[in-house]
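Hi,

Here is the structure I said I'd pass on.

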Amino acid sequence: MAHDPSNTQRTLTVGLLGLGVVGSGVATLLRDHADEIAGRVGARLEIGPVVVRDVNKSRDVDVAVTDDVSTVVGAEGVDIVVEVMGGIDPARELLTRALKAGQSVVTANKELISTHGAELLTAAQEHSVRLEYEAAVAGAIPIIKPMRESLAGDRVRKVLGILNGTTNYILTRMTEEGAELAPVLADAQALGYAEADPTADVGGHDAAAKAAILASLAFDAHVVRDDVYTEGIMSVTATDIANAKRMGYVIKLLGIAEEHEDASIGVRVHPAWIPTSHPLASIREAYNAIFVEADAAGDLMFYGRGAGSLPTASAVVGDVVTAARAMLAGERLPSVAVADKPIRPVDEEIVQYYLLLDVADEAGVLSRVAATFGDHDVSIKSVWQEGEGDQAQLLLITHAAREGNVRACVEALKDLSDVNAIASSMRVEDRREG
Ligand SMILES: NC(=O)c1ccc[n+]([C@@H]2O[C@H](COP(=O)([O-])OP(=O)(O)OC[C@H]3O[C@@H](n4cnc5c(N)ncnc54)[C@H](OP(=O)(O)O)[C@@H]3O)[C@@H](O)[C@H]2O)c1
C-alpha cells in the first residue's frame with residue numbers, strides 16, 4: 001500500500017546556515033516537495049532557523065532569518081544542520097560544534113571538505129551522526145554516493161572530470177567560435193557564467209578542491225586540496241584549440257585522479273587534449289561530467305549541472321533525506337579505513353604532450369630538435385612543420401613520457417639557437433597511447 005505522508009507524525013527540524021544561491025534553493029525544495037519528502041523519509045522535514053550574515057537583505061524566499069548561529073548550531077530541537085555559507089571560517093568551527101552536539105550535517109562546501117573533510121568525518125563518526133557533502137562536487141550530479149556506495153565492491157583506477165562549469169563554458173565557446181579566451185571570458189562575466197573575480201574558476205582552484213575530494217573517495221585515501229597539481233586555462237589560445245581540432249582532439253580543463261601500481265596517487269588539474277571520441281569531449285557549455293574507470297564496472301560517466309540554485313539544492317536535499325533516514329533508523333556513517341597513500345609528484349607522472357615551437361626556417365632544425373627530445377628520453381609520435389620564414393613552427397606530439405623529462409627537454413629546447421620560442425605546451429590525455 002502506498003505510504004500516506006499525512007500519517008507521518010514525526011517531524012525533524014532542518015536548520016540552515018546560509019540563504020544565498022544554494023540556501024534559497026534548499027528552502028524552496030524543502031517547502032515545495034514537503035509531502036513527497038515526508039513519504040520518502042517517514043517523517044516531515046521542517047525548516048528551522050535560517051542564519052544569514054545580513055538580516056536586512058531582501059530575499060527570494062519567504063522565510064524568517066536571523067544572524068544568531070546559536071539558534072542552529074548545537075540548538076535543542078534542530079536535528080540536521082545544512083551549511084551553505086561557504087568558506088573555511090567560521091564554517092569549520094560551526095560544523096565541528098554541530099557534530100559534537102549530535103547534529104547531522106549536510107554541506108555543499110568543497111573548500112572546507114577538501115581541506116578539513118577528514119577531521120569533520122572523524123567528528124561525525126565519534127558522535128554517531130552523519131556528514132554528507134554530495135553537492136560539494138559537481139553540484140546536482142550524484143557522484144559521492146555512487147563512489148561511496150555503488151562502487152564499494154569495485155576498484156576504481158582513474159577518475160577524469162570536467163568539474164568546473166565556467167571554464168567548460170569558456171572552452172566550449174572558444175572551440176565553437178574560434179575565439180580567444182579574453183573576449184569569451186568578458187562575455188561570460190557579462191552573462192553571469194563567470195564571477196567578477198574569475199580566479200578560482202579559470203585558475204583551476206575550484207576544480208582542484210573537487211578533484212581532491214574525488215581522489216579521497218575513489219582510493220580510500222587522505223588527499224587534500226594542496227596535494228593537487230593545478231594549472232588553469234588562462235594560457236589556452238585559439239591556435240591551440242584549432243591545432244587540437246585538426247588532429248582530432250578537443251581541449252578540456254580536466255581533474256584527473258589516478259591510483260598507480262605502486263599505490264601512489266596522482267591528482268592534477270590542467271587543460272588537456274582529449275580525443276573527440278572520448279565521452280568527455282562531448283560535454284558542452286557549463287555542464288560537468290565525471291568519467292570513472294573501474295576494474296569490474298568498466299567505464300562509467302556521470303553528467304549534469306555542476307552549479308545553480310535548484311540543481312545544487314537537489315543534491316543538498318537528497319543528503320538531508322539520507323541524514324534524516326539514518327537518524328530514524330539509528331544508522332551511523334559507514335566507517336571506511338583510510339590509508340596513508342603517497343602523492344606522486346607531477347614530475348613522476350607519465351604523460352603525453354603537445355608542443356608548439358617557433359623555429360628558424362633553416363635546414364637541419366628538425367633533426368636538432370629531434371635530437372634534444374632523444375637526449376631526454378622523450379620520443380616523438382608525430383611532427384608537423386608549418387609556415388615559413390618568421391612564421392615557421394613545429395607542432396609535435398610526443399609519446400607518453402615522464403613529465404620531468406618533458407620539462408627538462410622543454411628547457412633544453414629553449415637553449416637551442418633554432419628555437420625562437422615555446423609557443424605552447426599542453427598534456428594530451430589519450431588512453432589509446434597506453
Ligand atoms: N552557487 C552554486 O551553484 C554552488 C554549487 C555547488 C556548491 N556551492 C557551494 O555552496 C556554498 C554556498 O554557495 P552560494 O553560491 O549559495 O553562496 P552565496 O550565494 O554567497 O550565499 C552564502 C550565504 O551564506 C550567508 N553567510 C555567509 N557567511 C556567513 C556568516 N559568516 N554568518 C552567517 N551567514 C553567512 C550569506 O548571508 P547573506 O545572504 O546575508 O549575505 C548567504 O545567505 C559554498 O560552499 C559553495 O561553494 C555553490
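**Charged pairs**

Let me start with Arg173, which counts as buried because its relative accessibility is 18% (buried is under 20% relative accessible area, exposed over 50%, partly exposed in between, with a 1.4 Å probe and protein chains only). Before you read on: this is a predicted model, where local features need pLDDT of at least 70 and side-chain atom pairs count only at pLDDT 80 or more, while totals for chains, interfaces and linings use all residues. Residues are numbered from 1 along each chain as its sequence is written, and side-chain values use heavy atoms, with hydrogens and water left out.

So what does Arg173 pair with? Its side chain meets that of Asp187 in a salt bridge, 2.6 Å from N to O (a side-chain nitrogen of Lys or Arg within 4 Å of a carboxyl oxygen of Asp or Glu). Arg173 sits in helix 6 (residues 165-177) and Asp187 in helix 7 (residues 181-191), so this pair ties together parts 14 residues apart in sequence. Helices here are DSSP runs of H or I with at least four residues, strands are runs of E with at least two, and both are numbered from the N terminus. Asp187 itself is partly exposed, at 30% relative accessible area.

By that rule, the count comes to 33 salt bridges. A few others to look at:

- Glu403 and Arg427 form one at 2.9 Å, N to O. This pair links distant parts of the chain, 24 residues apart: Glu403 is in helix 13 (residues 403-415) and Arg427 in strand 16 (residues 419-428). Both residues are buried.
- Glu149 and Arg148 form another, at 3.2 Å, N to O. Glu149 is partly exposed at 42% relative accessibility, whereas Arg148 is buried at 17%.
- Lys158, Glu258, Arg268, Glu349 and Glu429 are joined in a network of salt bridges.

**Backbone details**

Where is the cis peptide bond? It joins Asp89 and Pro90, with omega about 10°, and Pro90 lies in the loop between strand 3 and helix 3 (91-100).

Two residues other than glycine have positive phi. Ser128 has a phi of about 55° and sits in the loop between helix 4 (110-126) and strand 5 (131-132); at 39% relative accessibility, Ser128 is partly exposed. For Ala138, phi is near 60°. Ala138 is in the loop between strand 5 and helix 5 (144-150), and counts as buried at 0% relative accessibility.

Val55 belongs to the loop between strand 2 (44-51) and strand 3 (80-83), and is partly exposed at 35% relative accessible area. Val55 and Val65 are ten residues apart in sequence and 6.2 Å apart in space, C-alpha to C-alpha.

**From the record**

The unreviewed UniProt entry places a "transmembrane region" at residues 12-30; positions follow the numbering used here, feature names are shortened, and annotations may be inferred rather than shown by experiment. In the model, the chain over residues 12-30 is 53% helix and 32% strand, with the end C-alpha atoms 12 Å apart.

Cheers
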